Amino acid sequence: MTVLDARALNRAALARQLLLDRADMPVLDAVAHLCGLQAQEPQEPFIGLWSRLRAFAPTVLSDLLTGRRVVRTHLMRRTVHLVTADDLVAWRARHDGMLRQRVLGTYRRELEGVDLGELAAAGRSVMADGEPRAMGDLARAVVDRWPAAGPRPLGEMLIAGLLPTVQLPPRGLWRTTGGARYELVSSWLGREIDPPDPDGSDPVGQTLVRRYLAAFGPAASADLRAWCGLAGLPAAVSALREELVAFRDERGRELLDLPDAPRPDPDTPAPVRFLPAFDNAVLGYHDRGRIIDDAHRGLSVAGARVVLVDGRVAATWSVEADTVLITPLDRFTRADRTSVAEEGRALASFLSGGDSDRVRIAASPG
């Protein structure tokens, strides 16, 4: 079985994530290809798409949100993701059990004795009028029935675990702030989520496997679980195995992939790319070593925005007074500093609407 080293896996991941070459792809198609973008920080998906698409216009994504073709919702790993409306409708039921269990993992003691079926019915009754509500408002509307639980656990369970909901604009629109207000998927999109498959064949699970590999592969089953949070996909993997190809990584793990998916030459040049906080190019794997060194792994869950140099996390970045500030994690060569500064200036211009291209790179460590 062919062994793929870390550099080969890195280049494959960059190609699938549209980070090796910016893509000429409509924004809606890019969101679908990427299986959504992690979006608990509302402005970060704009940066993620700017780094992946040529001539990305942020207003296009805003229009997709207000036009109800893209939505913000709790989905993979119980985190807020920006996904296409079609994918939400198709995938949500497959995630229901995981979402409930993850909320219970945080609030099991507070929710002890709460009948989740009754809670769901009470929440759905409140939301049936189609009026947008904050999580706190929904929780306060039902807390009298379960006062011992408290509003926060009830609200989290309703919004993230029991009721298929979306976060409404203006939250998530370009350069716009707004609190998180929710509406049922059925009210916002005018259609119900697809029901689970009655015969147990799990076609949605098989779709998730194919789509994940297209956007992240080659990958191990543990990587798939780390991305979606679902433990029950071995049957879907087994059902697809004959149409997949297999490799091994340098640790001996089996990696599965789509036969015709891009696996570039490991020596393919990788341009500098700026990634937003919690980007799935880093978080979408159990083994993140293909893109970030173990010494810096904590940055991936701390909300740090990172810079890729030669395809790997080499710096963090932030913005202050329309200036992109870059802090190297390792020593930059002169060529690295030049390339990082050039891409940083382009990012500063994007974020400021063309008013600034200022960049400041801190001294390299050591």
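1. Cys35 lies in the loop between helix 2 and strand 2 (37-38); helices (H or I, at least four residues) and strands (E, at least two) are DSSP runs, numbered from the N terminus. Although Cys35 is not a glycine, this residue has a positive phi of about 60 degrees.

2. The model is predicted: local features need pLDDT of at least 70 and side-chain atom pairs count only at pLDDT 80 or more, while totals for chains, interfaces and linings use all residues. Residues are numbered from 1 along each chain as its sequence is written, and side-chain values use heavy atoms, with hydrogens and water left out.

3. Two further backbone features concern prolines. The peptide bond from Pro169 to Pro170 is cis, with omega near 15 degrees, and Pro170 belongs to the loop between strand 6 (165-167) and strand 7 (181-184). Gly217 and Pro218 are also joined by a cis peptide bond, for which omega is about -5 degrees. Pro218 is located in the loop between helix 10 (203-216) and helix 11 (221-228).

4. The protein chain is assigned domain 1 (18-189) and domain 2 (288-361); these bounds come from an automatic or database domain assignment. Taken over C-alpha atoms, the centres of domain 1 and domain 2 are 29 Å apart. Ten residues from domain 1 and ten residues from domain 2 take part in the contact, where contact means heavy atoms within 4.5 Å.

5. How much area is buried between domain 1 and domain 2? The value is about 780 Å², of which carbon and sulfur atoms give 67%. Buried area is the accessible area (1.4 Å probe) that two parts lose on being put together, summed over both. On the side of domain 1, Ile47, Trp50 and Arg175 supply 61% of the area buried against domain 2, more than any other three residues.

6. The structure holds 27 salt bridges, each a side-chain nitrogen of Lys or Arg within 4 Å of a carboxyl oxygen of Asp or Glu.

7. Across the interface of domain 1 and domain 2, the rule finds two salt bridges. Helix 3 (residues 44-50) provides four residues, the largest share of the side of domain 1 that touches domain 2. By class, that side of domain 1 has seven nonpolar, no polar and three charged residues. Here Ala, Val, Leu, Ile, Met, Phe, Trp, Tyr, Cys and Pro count as nonpolar, Asp, Glu, Lys and Arg as charged, and the others, Gly among them, as polar.

8. An open sheet of three strands has the order 1-8-9, with mixed pairing. Strand 1 (3-4) and strand 9 (254-257) stand at the edges with a single partner strand each, so one side of each is left without a neighbour in the sheet. Two strands pair if DSSP finds at least two bridges between them.

9. Strand 1 pairs with strand 8 (residues 245-249) in the parallel sense over two bridges. Val3 has Arg248 as its bridge partner in strand 8, and Leu4 has Asp249. Strand 8 and strand 9 run antiparallel and are joined by four bridges; Arg248 stands opposite Glu254 in strand 9. The hairpin of strand 8 and strand 9 has four residues between the strands, and in this hairpin Gly252 takes a positive phi near 90 degrees.
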